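Please keep the structure in view while reading.

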Amino acid sequence: MQLIANPRQFDVILTGNIFGDILSDEASMLSGSIGLLPSASTGLKTAVYEPIHGSAPDIAGLGIANPIATIASASMMLRYSLDEEAAADAIDAAIKKTMADGYRTGDLAAYDCKEQVNYIVTIHDKKPH
């Protein structure tokens with residue numbers, strides 16, 4: 001209950017996979033959608049980055065899944081595993097601008113996810129590399 005009532009008291013929560021899935025699903029509602037949150041499972045030599053919702057095969061190909069968690073997971077991979085800070089910063093800035101400009105998917109509003117992804121890519125492509 002503390003995770004929902006006062007989430008700022010937590011910086012890191014270390015738990016097993018199944019309980020971590022439960023907590024991350026619950027905490028996702030603080031942001032408004034499970035489709036917004038990236039995740040990382042890290043070890044000493046390897047790391048796996050994915051949206052907290054996984055691959056969402058039930059809605060794959062329908063153009064309704066929120067792509068932000070997947071894109072943000074790629075940003076985390078660039079930052080934490082590949083030491084590509086500038087690329088991660090550019091992706092994060094494109095996500096923020098997309099949201100600030102009002103683009104949303106159906107879990108947040110009435111937009112198609114392809115429109116949101118295309119906008120993120122357009123913003124990123126305009127930045128100097």
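Helices (H or I, at least four residues) and strands (E, at least two) are DSSP runs, numbered from the N terminus. This is a predicted model, in which local features need pLDDT of at least 70 and side-chain atom pairs count only at pLDDT 80 or more, while totals for chains, interfaces and linings use all residues. Residues are numbered from 1 along each chain as its sequence is written, and side-chain values use heavy atoms, with hydrogens and water left out.

**Fold**

From the N terminus on, the elements run α-α-β-β-α-α-α. The radius of gyration of the chain is 15 Å, close to the 14 Å that the globule rule gives for 129 residues, so the chain is as compact as a globular protein of that length. That radius is taken over C-alpha atoms, and the rule is 2.2 Å times the number of residues to the power 0.38. Along the principal axes, the C-alpha atoms fill a box of roughly 40 × 35 × 30 Å. Of the 129 residues, 27% count as buried. Buried means under 20% relative accessible area, exposed over 50%, and partly exposed in between (1.4 Å probe, protein chains only).

**Salt bridges**

A salt bridge is a side-chain nitrogen of Lys or Arg within 4 Å of a carboxyl oxygen of Asp or Glu. The whole structure holds four. Which bridges involve Arg79?

| Pair | N to O distance |
|---|---|
| Arg79 and Glu85 | 2.7 Å |
| Arg79 and Asp89 | 2.9 Å |
| Arg79 and Asp92 | 2.7 Å |

Asp92 lies in helix H4 and Arg79 in helix H3, so their pair ties together parts that are 13 residues apart in sequence. Shared partners join Arg79, Glu85, Asp89 and Asp92 into one network. Arg79 is buried, at 14% relative accessible area.

**Negative patch**

Asp21, Asp25, Glu26 and Glu50 form a negative surface patch. Patch residues have over 30% relative accessible area and no salt bridge, and like charges are joined within 9 Å. Asp and Glu count as negative; the place of a charge is CG of Asp or CD of Glu. Where does the largest share of the patch come from? Helix H2 (residues 17–31) supplies three residues. Glu50 lies in strand E2 (residues 47–51). Glu50 is partly exposed, with a relative accessible area of 37%.

Methods
Patch = residues over 30% accessible without salt bridge, like charges linked within 9 Å, V, L, I, M, F, W, Y side chains within 5 Å. Areas by Shrake-Rupley, 256 points an atom, 1.4 Å probe, with all protein chains shown as cover.
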